[in-house]
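Let's take a walk through this fold together, one piece at a time. Keep the viewer open and follow along.

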Amino acid sequence: MEITPTETEVESINTTLLKKDLNPSYQEILTKEAIAFIADLHQRFNVKRKELLIARQAVQERLDAGELLDFLPQTEAVRKGDWKVDPIPQDLQDRRVEITGPVDRKMVINALNAGAKVFMADFEDSNAPTWDNNIQGQINLRDANLGTISFFHPKKNKTYTLNENVATLMVRPRGWHMEEKQMLVNNEPISASLFDFGLYFFHNAQTRLDKGEGTYFYLPKLESHLEARLWNEVFVYAQNQLNIPQGTIKATVLIETITAAFEIDEILYELRHHSAGLNCGRWDYIFSFIKRFSKNPNFVMPDRNLIGMGVHCMKSYSQLVIKTCHKRGIHAMGGMAAQIPVKNDDQANQQAFEKIAVDKKREAENGHDGTWVAHPGLVQLALDTFNEHMPTANNIHIKREDVQVTAKDLLTVPQGEITEAGVRENINVAILYIESWLRGVGAAALYHKMEDAATAEISRAQLWQWIKNQTKMEDGRTVTIALCKDTFLPLELENIKKYVGETAYQNGRFEEATQLFLDLISNEEIAEFLTTDAYKLID
């Protein structure tokens with residue numbers, strides 16, 4: 001396999017792996033050639049990445065000043081054009097149920113075996129990016145693609161291996177905003193996006209190509225079509241460097257930021273030779289909506305349990321994604337069912353399953369081409385629902401020309417009360433999740449749901465917004481930092497202690513999680529992502 005840059009160019013890139021000596025087995029994935037490849041990606045694309053992050057802040061400053069989002073006048077020709085994305089590979093034609101989860105070895109095997117059409121292996125929101133999690137995850141995915149992966153569970157005395165037929169594998173790298181602090185290129189941390197993408201692509205693209213399959217990705221947290229353009233440039237360059245045919249990479253972009261919702265056509269256009277469609281990342285989308293308009297008193301959101309897919313802005317966003325994708329000949333994936341089956345509680349399961357079935361029926365009937373679940377126990381329920389309401393491989397033939405979505409539709413703020421229960425739930429769940437993340441567990445089972453970072457992001461962002469705007473609860477009290485810290489926090493810490501148990505509480509990282517949480521809700525400016533602050537506290 002030809003590796004570029006040339007030897008001279010490689011020598012000019014000063015690369016340091018800070019954790020290189022901790023685990024000798026990692027040398028099989030962190031080879032000299034692989035390191036050179038990802039260092040080259042960083043060297044070539046990191047300046048543009050940083051410029052795009054600065055552009056995000058420029059948008060935020062305009063929104064803070066009262067400007068509203070709208071569709072871009074300079075890209076009107078793209079929206080009105082009659083172009084299509086490139087044809088969909090055969091193994092991505094039917095994506096009616098996708099299971100998602102972190103990249104630990106047992107999860108990878110179970111997810112690939114779960115009966116879903118696709119497994120989205122996650123280096124992002126459901127993965128706490130410790131060095132061990134990241135590198136072991138790369139080893140796990142390499143072994144999965146080779147078909148050699150296995151896992152022995154000593155307590156169960158059971159060995160897990162792959163079935164003959166498994167889900168199609170897609171991989172989600174970390175977003176553009178994250179860095180991998182354990183690898184330095186010319187004395188600066190490497191882009192986590194390029195690290196995750198590059199290491200996976202280097203070791204797996206040819207393996208998958210030999211099996212007649214492409215290399216498939218999910219792209220998170222994009223804010224604009226210019227960020228999609230950068231990914232496309234990375235794809236083109238990476239394929240050329242490894243002599244992989246152009247178009248082998250296919251990527252599904254998560255529309256999970258409010259700014260991206262205004263550039264859906266443009267994002268697909270930039271990736272039209274490498275697109276596998278879009279996905280409604282609805283939880284992060286709510287977080288982004290709150291964050292981007294956090295200082296505008298006209299955009300204060302109610303309790304988060306009132307912001308479902310039935311409210312006007314969320315319904316509009318979902319339908320716009322469907323209409324746009326189908327016009328361009330590509331998939332529009334639905335959102336997550338985060339519920340976890342409850343052991344020995346048939347009644348609770350029945351109630352949860354009924355809600356999931358309603359949600360998935362709505363997605364299928366609206367025209368989504370598939371949906372997400374977080375637990376193998378939900379795969380069959382989601383399959384049954386989509387099988388009933390989507391008899392074809394996908395819904396791309398449903399063009400939804402009846403849908404007309406305006407900027408006002410996307411920016412309509414959901415109505416509802418802010419309650420003490422809502423404030424306290426945000427405190428409780430945010431601290432529980434942050435503590436789990438600090439322990440290296442990014443997919444946290446909380447209150448019979450599999451939560452990732454999006455839940456904590458919504459929770460802390462809502463509290464910051466309510467405090468900043470001196471919002472009143474339904475009982476007339478104003479949400480203040482003092483009320484949260486001095487009144488509600490002690491009560492919720494006691495509830496957390498009861499929930500996890502005294503031993504787990506004392507042995508956990510709750511003191512650090514609580515302090516980080518308080519910083520996030522009391523800082524003068526709202527933090528872009530809690531994970532960038534939390535990342536400083538993990539190895």
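Predicted model: local features only at pLDDT ≥ 70, side-chain atom pairs only at ≥ 80, totals over all residues.

Residues are numbered from 1 along each chain as its sequence is written, and side-chain values use heavy atoms, with hydrogens and water left out.

Leu30 belongs to the largest nonpolar core, which has 131 residues; Leu30, Phe119, Phe197, Phe201 and Ile255 are the ones that touch the most other members. By nonpolar core we mean a set of buried Ala, Val, Leu, Ile, Met, Phe, Trp, Tyr and Cys residues joined through side-chain atoms within 4.5 Å. Buried stands for under 20% relative accessible area, exposed for over 50%, and partly exposed for what is in between, using a 1.4 Å probe and protein chains only. The top contributor to this core is helix H2 (residues 32-64), with 9 residues. Apart from this core lies another one of 43 residues, including Leu432, Leu446, Tyr505 and Ile521.

The element names, by the way, come from DSSP runs numbered from the N terminus: helices are H or I with at least four residues, strands are E with at least two. Two strands pair if DSSP finds at least two bridges between them.

Now for the barrel. Which strands make it up, and in what order? The closed barrel has 8 strands, running E2-E3-E6-E9-E10-E11-E12-E13, with parallel pairing. From one strand to the next, the twist averages 30 degrees; axes here are lines fitted to C-alpha atoms, for helices over the stretch in contact, and angles run from 0 to 180 degrees between N-to-C directions.

Strand E9 (residues 215-219) pairs with E10 in the parallel sense over 5 bridges, and Thr215 stands opposite Ile249 in E10. Strand E10 (residues 249-255) then pairs with E11, again parallel, over 5 bridges, with Leu254 bridged to Asn279 in E11. To get from E10 to E11 the chain passes through helix H8 (residues 264-270), and this β-α-β crossover is right-handed. That handedness means the path from the first strand over the helix to the second runs clockwise when the strands point away from the viewer.

Is strand E11 (residues 275-280) mostly covered or exposed? It is mostly covered, with 6 of its 6 residues buried. On to strand E12 (residues 332-337), which runs parallel to E11 and is joined to E11 by 2 bridges; here Leu278 has Ala332 in E12 as its bridge partner. Helix H11 (residues 346-366) lies across E12 and strand E13 (370-373), at about 170 degrees to E12.

Next, look at helix H4 (residues 105-112), where 6 of the 8 residues are buried. Those are Arg105, Met107, Val108, Ile109, Ala111 and Leu112. The buried residues of H4 pack against several elements, among them strand E2 (97-102), strand E3 (118-122) and helix H5 (131-146).

The Arg142 side chain makes a polar contact with the side chain of Asp143 at 2.8 Å. A polar contact is a pair of N or O atoms within 3.5 Å; within protein, one must be able to donate a hydrogen and the other to accept it, and residues adjacent in sequence count only if both atoms are side-chain atoms. Beyond its neighbours within four places in sequence, Arg142 is in contact with Glu28, Ile29 and Asn204.

Finally, there is an open sheet of 3 strands in the order E1-E7-E8, with antiparallel pairing. Its edge strands, each pairing on one side only, are strand E1 (15-17) and strand E8 (188-191). E1 is joined to strand E7 (residues 179-185) by 3 bridges, and Leu17 has Met183 in E7 as its bridge partner. H2 comes back into view here, lying across E1, E7 and E8 at about 95 degrees to E8.

Notes
Contact = heavy atoms within 4.5 Å.
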